[in-house]
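Reader: I'm new to this structure and would like a close look at one part of it. Could you take me through the charged pairs and what lies around them?

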Amino acid sequence: WLLLHAGGKATIPFKGRACGLLTLLGPDAPSLLVRIDGGNVRRLQMLDRWCYYWRDAVVLLCDGLADMTHTAELEVEAETPDQRILKRPPSSELWEKFQTEAKLAGRPPQK
């Protein structure tokens, strides 16, 4: 497991033709900046309309690569994604607790 906060960065070496992450998506899902082998940066929006609840998800970072060793560089964007795309507002005891903790810390939930 890899835990990153807003502005956090990680470099992941991998061997193969594709790379993905098993992660938890929910109302606090960020956007990722992804760079493979020093190439162009791609913005990957993790928040989708179903993120009003938390769920396990496999997120494909890249595919179609040569079968060799590669490097994936990830950065979590500091800006909070626009939650207006959600199918409905998040609501659960856990989400309310999460919001309260963030408010007391003086930061958005994903930070």
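**Salt bridges and their surroundings**

Author: There are two salt bridges in the structure, a salt bridge being a side-chain nitrogen of Lys or Arg within 4 Å of a carboxyl oxygen of Asp or Glu. Before we go on, a word on the ground rules: this is a predicted model, where local features need pLDDT of at least 70 and side-chain atom pairs count only at pLDDT 80 or more, while totals for chains, interfaces and linings use all residues. Residues are numbered from 1 along each chain as its sequence is written, and side-chain values use heavy atoms, with hydrogens and water left out.

The general idea is simple: side chains of opposite charge can pair when their charged atoms come close. One of the bridges joins the side chains of arginine 43 and glutamate 77, at 2.9 Å from N to O. This pair ties together distant parts of the chain, with arginine 43 in strand β4 and glutamate 77 in the loop between β6 and α1 (93-105), 34 residues apart. Those labels come from DSSP runs numbered from the N terminus: helices are H or I with at least four residues, strands are E with at least two.

The side chains of arginine 55 and aspartate 48 make a salt bridge too, at 2.5 Å from N to O. Let's stay with aspartate 48, which sits in the loop between β4 and β5. Aspartate 48 is partly exposed, because its relative accessible area is 25% and the cut-offs are under 20% for buried, over 50% for exposed and in between for partly exposed (1.4 Å probe, protein chains only). What does aspartate 48 touch, leaving aside its neighbours within four places in sequence? Its contacts are Arg55, Ile85 and Leu86, where contact means heavy atoms within 4.5 Å. As for proline 27, 21 residues away along the chain, its C-alpha atom is 8.9 Å from that of aspartate 48.

Arginine 49 lies over the face of tryptophan 50, 5.1 Å from the ring centre; a charge sits over a ring if NZ of Lys or CZ of Arg is within 6 Å of the ring centre and within 35 degrees of the ring normal. Tryptophan 50 itself is partly exposed, with 34% relative accessibility.

How many aromatic pairs does a search of the whole structure find? It finds two. In one, the rings of tryptophan 50 and tyrosine 52 have centres 6.4 Å apart and planes at 45°, so this pair is tilted. Rings of Phe, Tyr and Trp (its six-membered ring) pair if their centres lie within 6.5 Å, and planes under 30 degrees apart count as stacked, over 60 as edge-to-face and the rest as tilted. Tyrosine 52 also pairs with tyrosine 53, edge-to-face this time, at 5.2 Å centre to centre and 70° between the planes. Put together, ring pairs link Trp50, Tyr52 and Tyr53 into a cluster. Tyrosine 52 is buried at 13% relative accessibility, whereas tyrosine 53 is partly exposed at 37%.

Cysteine 51 is buried as well, with a relative accessible area of 0%. Its sulfur is 20 Å from the closest cysteine sulfur, in cysteine 19, which is too far for a bond. Cysteine 62, buried at 10%, has its sulfur 5.3 Å from that of cysteine 19, again too far for a bond. The structure holds zero disulfides, a disulfide being a pair of cysteine sulfur atoms within 2.5 Å.

The largest nonpolar core has 19 residues, and Leu32, Val34, Leu44, Met46 and Leu61 have the most contacts inside it. Such a core is a set of buried Ala, Val, Leu, Ile, Met, Phe, Trp, Tyr and Cys residues joined through side-chain atoms within 4.5 Å. Two or more residues come from each of β2 (19-25), β3, β5 (55-62) and β6 (68-76), and β5 gives the most, with four. Leaving aside neighbours within four places in sequence, valine 34 touches Asn40, Val41, Arg42, Leu44, Leu61, Glu73 and Leu74.

One more stop is aspartate 37, in the loop between β3 (31-36) and β4 (41-45). Aspartate 37 has a positive phi of about 50° although it is not a glycine, and it is partly exposed at 43% relative accessibility.
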